[in-house]
Amino acid sequence: MSVVGSSGSGKSTVARRLAETLGVRYVELDALHWRAGWVEEEHDVFVERVREATCGDAWVIDGNYQSKVGTLVWGPAELVVWVNPSRWRVMVQVTLRTLRRAARREELWNRNREGWGGLRLWDPSDSVIRWAWDSYAPQVKRYEAAMADPRHSHLRFVRLRSRRDVERFLESVGVQDLDVEC
């Protein structure tokens, strides 16, 4: 199962809750993609890590990266959950999250942390807030196109546009046979 959405949409929270509800492994693609110092993992290593994460027992994968590993994640998946609140909701959430992470010096993965540079909105290379704003509309177009793409006809898409949608969806999820063949 894949959970996607823009930065700040709430996809990680939904993915963690979904994995916990189903009692399956939670995999965060960012943790596989970023080495210490915000260095991108080598492509082949990243692909192999994703291949290992999507093999065997059921899993919930959190992250986008469709251009790099989309077929590895969506090929064996049955469901794509798209967390897609309004752009303004995303901006509020990503701003508050960035402030909290910078103030608390929260470690994200592999010793990486968001710093106060995330508030420099004019610098898209350093600001997750700016990234969330700039990438929102293209992601909506990409996932709307993916939903209509016949190559993804084996997938069921669920688009969650509000917190209420999220809660309803999570309440409706039951334990199912989610095993994936390798």
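Analyst: Helices (H or I, at least four residues) and strands (E, at least two) are DSSP runs, numbered from the N terminus. The model is predicted: local features need pLDDT of at least 70, side-chain atom pairs count only at 80 or more, and totals for chains, interfaces and linings use all residues. Residues are numbered from 1 along each chain as its sequence is written, and side-chain values use heavy atoms, without hydrogens and water.

User: Which element gives the most to the lining of the second largest pocket?
Analyst: On a 1 Å grid over the protein atoms alone, a pocket is an open set of points with protein on both sides within 12 Å along at least five of seven lines, a cavity is a set where a 1.4 Å probe fits but cannot get out, and lining residues have an atom within 4 Å of a point. Q66, G70, T71, W74, G75, R142, A145, A146, D149, R151, H152 and H154 line this pocket. Two or more of the lining residues come from each of α4 (66–74) and α6. With 4 residues, the most is given by α4.

User: How many residues in that pocket lining are charged?
Analyst: Asp, Glu, Lys and Arg count as charged; Ala, Val, Leu, Ile, Met, Phe, Trp, Tyr, Cys and Pro as nonpolar; and the others, Gly among them, as polar. The lining of the second largest pocket has 3 nonpolar and 6 polar residues, and its charged residues number 3.

User: Where does the second largest cavity get most of its lining?
Analyst: Around this cavity you will find G5, S6, W82, V83, N84, Y136, Q139 and V140. Two or more of these residues come from each of β6 (79–83) and α6 (128–148). The lining has 4 nonpolar, 4 polar and no charged residues. Giving the most, with 3 residues, is α6.

User: Is α3 roughly parallel or roughly antiparallel to α4?
Analyst: Axes are lines fitted to C-alpha atoms, for helices over the stretch in contact, and angles run from 0 to 180 degrees between N-to-C directions. Angles under 35 degrees count as roughly parallel, over 145 as roughly antiparallel, 65 to 115 as roughly perpendicular and the rest as oblique. The axes of α3 (residues 43–53) and α4 come within 10 Å and cross at roughly 20°. Therefore, relative to α4, α3 is roughly parallel.

User: Which residues of α4 make the contact with α3?
Analyst: Contact means heavy atoms within 4.5 Å. By class, this one has 6 nonpolar, 1 polar and 2 charged residues. From α3 come H43, F46, V47, V50 and R51, and from α4 come K68, V69, L72 and V73.

User: How is α5 directed relative to α6, roughly parallel or roughly antiparallel?
Analyst: Helix α5 (residues 87–104) packs on α6 at an angle of about 160°, with the axes 9 Å apart. R87, W88, V90, M91, V94, T95, R97 and T98 of α5 meet V128, I129, A132, W133, Y136 and A137 of α6. This contact has 10 nonpolar, 2 polar and 2 charged residues. The angle makes α5, relative to α6, roughly antiparallel.

User: How many nonpolar residues are in the contact of α1 with α7?
Analyst: α1 (residues 11–22) and α7 (residues 163–172) have axes that come within 10 Å and cross at roughly 15°, so the two are roughly parallel. V14, R17 and L18 of α1 touch V166, E167, F169 and L170 of α7. The contact has no polar and 2 charged residues, and its nonpolar residues number 5.
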